[in-house]
Amino acid sequence: MYRYDEFDHVVVTERVEQFRNQVTRRLKGELSTDEFRPLRLMNGLYAQLHAYMLRVAIPYGTLSSRQVRMLAHIARKYDKGYGHFTTRQNIQYNWPKLLDVPDILADLASVEMHAIQTSGNCIRNVTSDQYAGVSADEIVDSRVYAEILRQWSTFHPEFTFLPRKFKIAVTAAADDRAAVRFHDIGVIVHKNDKGEIGFEVMAGGGMGRTPAVAPTLNKFVPEADLLSYCEAILRVYNMLGRRDNMFKARIKILVMATGVENFTKLVEDEFAQICDTALKLPDDEIARIRAYFAPPAYEGLAANSKAFDAQMLKDKAFATWVEINVAAHKQAGYAIATASLKPIGGVPGDCTAEQMDVIADLTDQYSLGEVRVTHEQNLVFPYVRKSDLFALWQGLVRLGLDNPNLDMITDIIACPGLDYCGLATARSIPVAQRLGERFQDLKRQRDIGELRLNISGCINACGHHHAGNIGILGVDKQNQEFYQVTLGGHDGADASIGEIVGPSFASDRIIDAVETIVDVYIAQRQGKERFIDTYRRVGVKPFKEKLYAAH
Amino acid sequence: MDGTPKKAAAAEATGAVELQVLTAYRLTDGVVIYLDAKGGWTEWVEEARVSRTKDDADAMTVLAKAGEAAHQVFETYLIPVSTDGDRTWPVSMREVMRAQGPTIHPQFGKQAMRAGRIDATAHAGSKRTGRGERKENREG
């Protein structure tokens, strides 16, 4: 697991005291609103619709049980008893008081956590595959490289005031679970014929008002050159990225305007200048970081567990949950289990302090003390003995986090929307709740199969609607909530951006519209085709015809 | 973005001035507040001072800036309100949300502090946009 070293300890502790001093000066009137804004944002403190909001970093989504207990403590002591897990594998608190924030940050520092790189025009918290280190389909543990990038990017003096925020994601698995192609920089770890590790590096992906799938700049950057290559990309962006118009300031706009070929040349030229500098990663440094993520002390278990097999036969609900929410582990006798934070009618990503405490206990009992946050706003127990799955599941049943809906239509990503967000134009969460209720029948969900539905409450697309097989975007039409629908988005290895299906739907029609889309898919699909495959085969036309038939 | 300048220009041309209150956030805890008739701040939009003329709105803005300068409040701006049934209430969905709290959590926010004032449908009934003169919050 990630180890917080002496350097991190000093940096974070000093940072807390700096911010405490800044808050004191703000309250005394020594810092104005405008002077204080960038300081609080650099510490993850936003001003949102109802109150301040504190976003806490969870590097590549990995948490220890001790950290989860602290997150629960903060929710209970300083907030309103809950937190919200986000699409960047972070957690945010919706009601902190400015006066309390220095104490919250001090409490976080006591468990090696902070709110650095969760806001501002810097390189944000690096995200990764939630199954890193445990999945059967990966080359190496991608968190090794995510951590190397984190150490390089934290307080990088040259990249503290970029034209706009900058997001990096890393995966090393065949199945891209980190949506790397929708990031400013996406990194896919490969091995070449000689068995050497290298990186496919892409740049210029993103959501927002101008969605883009990142083109590949280099198919195989040698392992030692990861930082030099990323630094070259950041340098070109920092130099040429637009600062005159914040809507055109992300790197994707620069890549589009420059052209992929020209942009790649600029990066390669810069890379040639810096590839043999101190940024070159020495083997022993990579080995040192790799040791942080050494596999835990697995027990030598048989691949199959008789107790587990018996429970599967005995309890149908458990068997269903295993079939849907449990993934294959690389270690014999172990499994990867996902707890859905999307209970029927619940708020996607919300977790109460009481739930967090029990999750911490379950993590200690059944997952070697570690749990992970996914960009789909769920929680993963990465090291569960098959023979413990039943007990873990029973624990989740008691918490109401046992919904077997992973990657199905009710496993919805939703941004906070107008219920919380200062930027939103419509609500997202109530739509997710209504869809959860409409499609709650498990038999029907399983018949529909894999279908990603994402909802954003404004064009900034924090709910990843562009990448949803069905995407829903809330808009304000003369003070009424309307919802625009996109189809065909996908965030896997073959990423695509959803296409707008037609005029938007009033709030009271959007749920029926989704139902119509699902009906068209069922009628059109061939064999076991997933929604996305059917859509790619038949296109938007049959959906459009049915949705707007009455008009 | 929301057509406010155009609307304001049209209102000026006809001499019509919309009813407005001045809102802000309290510095210490970030709570949504409104300028009241005594020159202080209230958590309740119903108790806010309502401007009926441009001069009145300008005077309120001066008081708001003084509040900012005194480091009591931040992000001050005027919002349109209606006074139907003698109750001052925001016009836009966004401001209704600020005045009452998140619709998904009726146990939190202002709606939880004063019973009987929840107006979940208020934002759905109006035909006006009226997002106020708030500077766009770009902290996404």
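Colleague: At what angle do the axes of helix α14 (residues 429–438) of chain A and helix α16 (residues 507–524) of chain A cross?

Modeller: In this predicted model, the axes of helix α14 (residues 429–438) and helix α16 (residues 507–524), both of chain A, come within 10 Å of each other. Because angles from 65 to 115 degrees count as roughly perpendicular and those under 35 degrees as roughly parallel, α14(A) is classed as oblique to α16(A). The crossing is right-handed, and its angle is roughly 50°.

Colleague: Which residues in α16(A) are met by α14(A)?

Modeller: By class, the contact of α14(A) with α16(A) has 5 nonpolar and 3 charged residues, with no polar ones. From α14(A) come A:V431, A:R434, A:L435 and A:R438, and the residues in α16(A) that they meet are A:I510, A:I511, A:V514 and A:E515.

Colleague: How many nonpolar residues has the side of chain A that touches chain B?

Modeller: In the contact between the chains, 31 residues of chain A meet 32 residues of chain B. On the side of chain A, α2 (33–41), β1 (45–47), α14 and β19 (480–487) each supply at least two residues. By class, that side has 8 polar and 6 charged residues, while the nonpolar residues number 17.

Note on methods. Residues numbered from 1 in each chain as written. Chains lettered and ligands numbered in written order. Predicted model: local features only at pLDDT ≥ 70, side-chain atom pairs only at ≥ 80, totals over all residues. Axes fitted to C-alpha atoms, helices over the stretch in contact; angles between N-to-C directions. Helix = DSSP H or I, 4+ residues; strand = E, 2+ residues; numbered from the N terminus. Parallel < 35°, antiparallel > 145°, perpendicular 65-115°, else oblique. Left-handed = near helix turned anticlockwise from the far one by under 90°. Contact = placed C-beta atoms within 7 Å. Nonpolar A, V, L, I, M, F, W, Y, C, P; charged D, E, K, R; others polar.
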